[in-house]
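This report covers two chains and the contact between them. Please look at the model first.

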Amino acid sequence: MNFDVRLVLEVIGMLLYATFMGFIFMGIERKAMARIQRRVGPPIYQPIIDTLKLLGKKESISHGFIYDFGPIFALGASITALLFLPLANFQLFSSNADLIVVAYLLEVPMLGIMLGAMSSGNPYSALGVQRGLLTMVAMQLPYGLAIIAIVQHFGTFKLGEIVALQQIHGWSILVPALLLAMIVFDIVFQAMIGLEPFDIITAPAEISMGPMLEYGGKQAAILFTQHAVQLFAETAFFAILFLGGASNLLELLIKQIAVLFIAIFVASIYPRFTIDQAAKFFWKWPTIIGIIAVLLTV
Amino acid sequence: MINEVTIILFVPILAGILAWVLDVKGVRELIGLAGAVVPVAYLIKAYPTVADGKSITYSFTLGSFNMSFALNTMTWYFAIIGAVLGLTMALGMVSTAKSGYNWLFALMSFTAVLGVFTAQDFVSFFLFWELMTFASFMMVLKYNRHASLKYFVLSVIGAYSMLLGIALVYARTGALDFTTISQIFAKDAQLTGLSGMGYHATLTFSRTDMILLFTFFLTAFGVKAGAFPLHVWAPDAYSETDQSYTTFFSGVLSKAGVYGIFYVLLMMMGAKLYFSLGTFHGHPLFLYIIAWIGAITVVVASFLAVLQEDLRKLLAYSSVGQVGYILLAIGTGTALGFSGALFHVLSHAIFKGLFWLVTAAVILRTGKTRFEDFGGLAEKMPITFAMGLVAVLSLAGIPPMAGFASKWLIYEAAIQAHMPLVAGAIFLGSALAFAYVVRFLYSLWFGQRPSDLDDVKEAPAPLLIGMGILGILNIVFGIAPGLVVEYINKLFRKPVITGNYYKMITPNGTYNALSVALVLVAGIVIAGLLYVYGARARKVPVTDTYQSGNPVTEDYNLSIRWNFYRPLAEALDFWLKYSWDRFYERLGQLSEDFADVLRKSVYNGNVQSYSWYLAIVLLILALWGVL
């Protein structure tokens, strides 16, 4: 493997950009929610200030090696997932991985967070872990069906090719079957980025942020950063699969923000499901729509 | 004549007998270990030959039967997996086996499995198959009678249906060796294809014959593989034995069923079954059935694994589920699917073997099996924990681990074969796998430690060596899946999956394990830098946590150990009312009651009534005109 200076520069640039934008997305999320609820809300760059403050804390606590390793692993995995996506005109490593690999990589950070949360010994964290995994079990079937519909329609697993085909034949959502898949994916997306009605994992009012509860100081800062990167990667993933990808970062950004706003609007209307309600919901309508979508694309 | 195959086949059982006869502590372990090392060494020595496509054969005559064995490209693959797992089992047993009995039957099943994998005719296949069942049955019998009987009854059902299948094949062809039978089936398949086009041909096997053969062999192999709904013996049998032995039992013996399906149903009769049974929505019907059996096995077993309260049961159900993946991959019916299945045979063997060795170590050191009794062991057994983590990452399919490489192939194969609903089952199964491995992690290793586990020590050295071998294999085959894929390509005599050692390229997808690994490491380094930049962390115990302002006392263990996934059980309560296991148990109870009624009313030991029976039978015969 020869050392590719341009690739390294692109990677560093993309990481900085994605982290920054991810924080801004978090800010937009808070601001938009506040405006819907007729509050003023914090400034849009508030998450950055929060994270810097956490990093600057004089002391933090640790419950052992795995407790520290969990967030680090999660951030590492989020970065990996990001770098395997074809982001606008930056291909990065995307020629070396396909849809299934990226879909898996996007789930790995969850395991890191869970690992750290479990080792803290806090029962609220353990409850959060349980809720997180059950949400995942519940959402995975419709999620898988949406992905299968995409692959069956385009006949390829390569994200780069999926984007290219959409640029020739129009966005995925113009195809009726894939519009159904998009609806399913959008419902699942709500759970993926942890917003209502599926913010079961953190549920601030019930289990005080669940897995993140025990974390403070620099570990919390790492988790914030991880969330930012993950948010950027997941919105980009959505845009790539259903909204035709993008040819430049601005176009991608517009699509990402559109996706984000849909999620915010849904989140500010609906209250939280309990976990068994969520499971029953996911296994009913999204699954049925998903099955219709995959059967239409066979 | 003694050649490599003879040595590979018979050294383990001889070592087992020797260990049992001598039964001196220290000596039997050495003999047993030697008996397990020899096959591995000889199989490695045979690699250049089989990699060239040549085979090493061995045959002898027993009574009027000619028994033949061969090591070729196909059988070597299964044999080496079996032998490596056998070696790690032996390493584990050095620490856990307490008597010569265990060594005898463990090594007997070692020989038997290798015999099944290398057999070239139905007589030796069946004899070694039965030896395998017997040896594993004896291993379970010592620990739990009920579990062993359940295993035995289902195995007998499997054995009878295999015997019927073999008898049918023999009746039609008059041959028992695989080569002749394969040729006859191949020829018959061609004729069936022709007769489908209007030519008249006399067929050796009719359509009914093929349906019967398919049913018989699928039942026989399905029992051993633990396919739904014949899986009920597996959770009990896997858990109620020496856990080091389960490494082999669940890692390799279940693969004998897979091997059977692969070899007999697919390579031998595949074409004929395809022509006789026809297709369903463009898929060969018989493969479609196997795929759905696999998919249902994955989902049902994984759901049940999530809800278990016993460490061994959880892993046992998970084994059943993972074999479901293999069946599903075979059922896709494409070369890619077969490659995925073969790869998953290897990766399931190494990660589940690792899991069982970790379990053996934990049970050896703590003497407990239920999740509610564990906790906080990560500090006490750090190496075992690290190995458990490798197994977890591999099973959950985290790139770059061996488990991901094979699962990725299965995903690609199932979606490309246009089996969307079957592929959906894999997605669900993998989320469930996440859920149950986390249960394993949380309950055993984290949280508050019960006070009676305070003086637990690290696992003994032989077990750690065994775990080390499997752990390294998980990582090596994960980062360089090409090593395995290259060999699998040889089986098909064409490159099904291209690429190099680190990269797998299928017709529509690509996965570069090395680049994923490197980027992941780089990402972790970046995150680590952020961590190092922050202030120093002060170590606090797990009892010093946020509790909504309530003081934490040492009196209560705050870890959630019992009924961890209760909401899932509530969401599933409708489905959990039905159980095949309970159905079989009830059936067993019913037949027991029936036999009881018979014994009390008919076979009552009264001479007078017996003479009446005789008179009635004679009367019936006379009326029938026999006398």
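## A strand pair across the chains

In this predicted model, β1(A) pairs with strand β8 of chain B, residues 537-539, in the parallel sense over 3 bridges. Strands pair here if DSSP finds at least two bridges between them. Within β8(B), B:Ala537 is the bridge partner of A:Ser60.

Residues are numbered from 1 along each chain as its sequence is written, while chains are lettered from A and ligands numbered from 1 in the order in which they are written. Because the model is predicted, local features need pLDDT of at least 70 and side-chain atom pairs count only at pLDDT 80 or more, whereas totals for chains, interfaces and linings use all residues.

## The interface

Contact joins 69 residues of chain A to 62 residues of chain B. Two residues are in contact if their C-beta atoms, placed from the backbone, lie within 7 Å. Several elements of chain A give two or more residues to this side, among them β1 (60-62), α3 (65-83), α6 (123-154) and α10 (217-242). α6(A) gives the most, with 17 residues. The side of chain A that touches chain B divides into 41 nonpolar, 18 polar and 10 charged residues. Ala, Val, Leu, Ile, Met, Phe, Trp, Tyr, Cys and Pro count as nonpolar, Asp, Glu, Lys and Arg as charged, and the others, Gly among them, as polar.

## Chain A

Chain A has 13 helices and 1 strand. Helices (H or I, at least four residues) and strands (E, at least two) are DSSP runs, numbered from the N terminus. Chain A is as compact as a globular protein of 298 residues, because its radius of gyration of 19 Å is close to the 19 Å of the globule rule. That radius is taken over C-alpha atoms, and the rule is 2.2 Å times the number of residues to the power 0.38. The C-alpha atoms fill a box of roughly 55 × 50 × 40 Å along the principal axes.

## Chain B

Chain B is divided into three parts, with bounds from an automatic or database domain assignment.

| Domain of chain B | Residues |
|---|---|
| domain 1 | residues 1-198 |
| domain 2 | residues 278-538 |
| domain 3 | residues 579-624 |

The centres of domain 2 and domain 3 of chain B, taken over C-alpha atoms, are separated by 50 Å. Elsewhere in chain B, β1 (residues 56-62) and β2 (residues 65-71) pair in the antiparallel sense over 7 bridges. B:Thr57 stands opposite B:Ala70 in β2(B). The two strands, β1(B) and β2(B), form a hairpin with 2 residues between them. In its turn, B:Gly63 has a positive phi of about 60 degrees.
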